[in-house]
Structure formats: structure tokens, C-alpha cells
Amino acid sequence: MDFDPVILSIPIFFGLILLELGVEYFSKNTTYDFGDSVSNIGTGALQQVSGTFVQVLTIGLYAAIFQYLAPVKMPNTWLTYVVLFVAYDFCYYWYHRKSHEISLLWGGHVVHHQSEHYNLSVALRQSSTGFLFAFLFYLPLAFLGFDPIAFAFVGGLNLLYQFWIHTEHIGKMGPLEWVFNTPSHHRVHHARDPKYIDKNYAGVFIVWDRLFGTFIEEDERPHYGVTKPLNSWNPVYANVVHYVDLFKAASKAHSFGDAWGILFNKPGWMPAYMGGYQAPASVASNYRPYKTDNMLLVNMYLFVQFVFALGIISLYLFRFESMPMSLKVVLALWILCSTLLFGVLLEHKTWAYWAELLRLAALPLLCLWMFDLGLLSAFPTAILLFIGVFTVISIGLIFYFIVTKIYK
Ligand SMILES: [Zn+2]
Ligand SMILES: [Zn+2]
């Protein structure tokens, strides 16, 4: 793909997050939690990186259908793009709705809803397995003859639109609320209060919810998150926990039909002998979101490592097409380990501090490999020196944390 609006918008995403943090600093009205934001951005990074391995299959299947099975091809005009934008959003509505209504598909979407906060970092919180189901809902667009490049472009725009609506700092927006998905409508969608659950599935146009009976207006302030709180910052666990629960439950079913029902009925459905349908409970008034307390020094260490890793992740996303598969795989694994360890370090797991030493030691080797391949060419000596000093100081700090156990 020559132009991916999502990857190109990464600096804008972080700029807007900084702006929201600035607004909160001056208004003393904070919606961010450090661990939650690290976990949100970590899952987003994992989704983008895993996407570089699967887009060949998803876009490839779309392109093959467009090429060989579409009876007519749409002309490359602005009107086609407008029609495709609306048609894409219609498909998104149904993909999103079914991802909430079918338990197996919920596994590919639940990650986006696990945050118990609501801010722009939550928009980046995305599942790495959603592609397994999502692309099926868009294949009709290939049959209708919409070009794959236009499809990818419009899909990126749709996702971009959904970024800014993840904020508590914008109230109701007057007549726009009738047509468009807005922060108010989407806050409801992220709620786990029973009256708000399974409402407002819209991507860009809220009219789909109004048409198909899934719209609800925001009145009381929502409680955010999922009915079974994740209670973890680990992005890998976040991605797999629902599937693990689902297959454990299905393996206990007494018949194939019941196992099928657990997988394909709505989340929470169980046969009567396993307790029956687990309806969402209302949120206790004294409920507090999951939180971990960390030493300031540990948080500062994690923040610096996180920013540094985001630099490597950005480099990967901008340059992966020119990387050999071996480097692509190793770099993706390093990114996976980084996001995993940032989450687990925040949970004070001692083993994670030892594993962090290995992750740090791998960093200069990876950078040398990238230099060797010409992927890091500007000011090589200065960068190499910086990475060397950075790694040595980081390893020293980790030893200090392990010896003193100050993270406990
Ligand atoms: Zn959703
Ligand atoms: Zn959302």
C-alpha cells in the first residue's frame, strides 16, 4: 500500500493526546491513568505491527475478488469515493454490531473496550485479532467493484474519524448529533452500565443506529470498561483472555450444539447446566477502576523506555516494506516483548525485571543490524553512541531496581 492514512497520522495522534493532557493539566480534570495509557498504546502498537503481516492476506483476498469476481468496476472519481465512504461505514456498523453480538467475534473486539477510562489513548487500543472477522464484512464492496486502493484509503479515513470521538472534554454537539457519531454517542458505546450496553455501534454516521434500533442518548455519565474487568496492563493477556475463557467454557459443554452456542451466541450465554446466561450487572457505586501504584522513578524509567520503543515502532511501520523478512520478524518480536514487559513491569512482577535486561541487551544488536541494512543512516556514529549510553544506563537502573526491590 502506497498511502496508509493511519500510519501517516501517528504524529497527529500523539500531538492530540499531548493537547488533551495539556487541557487536563490546566483544568485539573484528569481522565488519564499512566498504566492504562501505556496498555492502550501498547495494544495499538501490537495491532499495527501484526497488521503488517496479515494485510497481504486481507487486502490480497479483497483485491482477488475485485479482480476476478466483480462484474463491473467502479470508475475512479470523487463520487465513487463518497459512495464508498458511506458504504464502508455501513459495513463497519454491521461488523461492529456482530462483534458485540457473537461471542467468538467479541474476542476480536473486546480489547478496544477493556479500558476503564475514556480519553484519546483509548482510541488507539485495538485488538490484534479483529482482522480475522472484520475483513469478511467488507468483501461485498469488492464484489461491487470498489478498487482495493480506494478501499484501503477510505478504511483508513473511517478509523481516523473515530479517533477524536474518544474524549470526555467535548459535550453535546447540537444538530451534528443527528447524523454523525460524536464523543457523546461513543461514550455510551464504551459504557458497561446495563442500559448502555450494545448501543451506538456507529463508525462515522450515527444514522445506522437510529435506523436499526440500536441508538441511545447519553444522559448519565457512563462507567467505562467491560463487565468482567481485565485487571491487568498486559497487552498480550488482553488479546487472548476472552478466547481462553470461551474455549474453556466450550470444552465443558455436554453437546456440540451447546459448544456452538457458547461460541456463536451473545457473550455471556451458557447452557442452563453451566449457569445460564450471565446478564451484565449494574456497576457498584463504590467501584474504582483497576490501578497499580508505582514508584515515581520506575514510572519515569518506563516512560522513557516507552517513548524510545515508540520511536522504534514508528521506524518499523514506516520502513517495514523495505526490510528483509528476518529483520521484520525479529523487530516485531522485540516490539511484542517491549509492550508485554511494559505492562507486566507496571504490575510489579519480579521476573519481568530480569526479562527486561534481555530486551535491553537486544536493542543495540538490533540497531547495528538496521545500520548494516542501511535503515538507520543519518548521523550513524552519534546515534550508535546514544543507543550504547542509553542501554548501559537502562541496564544499570534495572539492576538497581532488582537489588533494592523498590518497585514492590
Ligand atoms: Zn465496540
Ligand atoms: Zn471506541
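Helices (H or I, at least four residues) and strands (E, at least two) are DSSP runs, numbered from the N terminus. The views below come from a predicted model, in which local features need pLDDT of at least 70, side-chain atom pairs count only at pLDDT 80 or more, and totals for chains, interfaces and linings use all residues. Residues are numbered from 1 along each chain as its sequence is written, chains are lettered from A and ligands numbered from 1 in the order in which they are written, and side-chain values use heavy atoms, with hydrogens and water left out.

**View 1. V23 in helix α2.** Helix α2 spans residues 10-27 and holds V23. V23 has 40% relative accessibility, so it counts as partly exposed (buried is under 20% relative accessible area, exposed over 50%, partly exposed in between; 1.4 Å probe, protein chains only). The C-alpha atoms of V23 and H169 are 8.8 Å apart, although 146 residues separate the two along the chain.

**View 2. The zinc ion (ligand 1).** Five NE2 atoms coordinate the zinc ion at 2.1 Å, from H96, H100, H109, H113 and H189. Donors are N, O and S atoms within 2.8 Å of the metal (3.2 Å for Na, K and Ca); water is not among the atoms, so sites may look incomplete. Along the chain the donors are spaced H-x3-H-x8-H-x3-H-x75-H. H100 and H109 are both buried.

**View 3. Helix α3 against helix α13.** The axes of α3 (residues 34-68) and α13 (residues 235-251) come within 8 Å and cross at roughly 70°. Axes are lines fitted to C-alpha atoms, for helices over the stretch in contact, and angles run from 0 to 180 degrees between N-to-C directions. The two helices, α3 and α13, are therefore roughly perpendicular (65 to 115 degrees; under 35 is roughly parallel, over 145 roughly antiparallel, the rest oblique). G42, T43 and L46 of α3 meet P235, V236 and N239 of α13, where contact means heavy atoms within 4.5 Å.

**View 4. Helix α16 against helix α17.** Helices α16 (residues 325-346) and α17 (residues 350-372) pack at about 150°, with axes 10 Å apart. The pair α16 and α17 is therefore roughly antiparallel. Residues in the contact include W334 and F342 of α16 and W351, R359 and W369 of α17.

View 5. N231 has a positive phi of about 50°. N231 sits in the loop between α12 (207-212) and α13. Its relative accessibility is 44%, so N231 counts as partly exposed. H348 has a positive phi of about 65°. H348 lies in the loop between α16 and α17. H348 is buried, at 18% relative accessible area.
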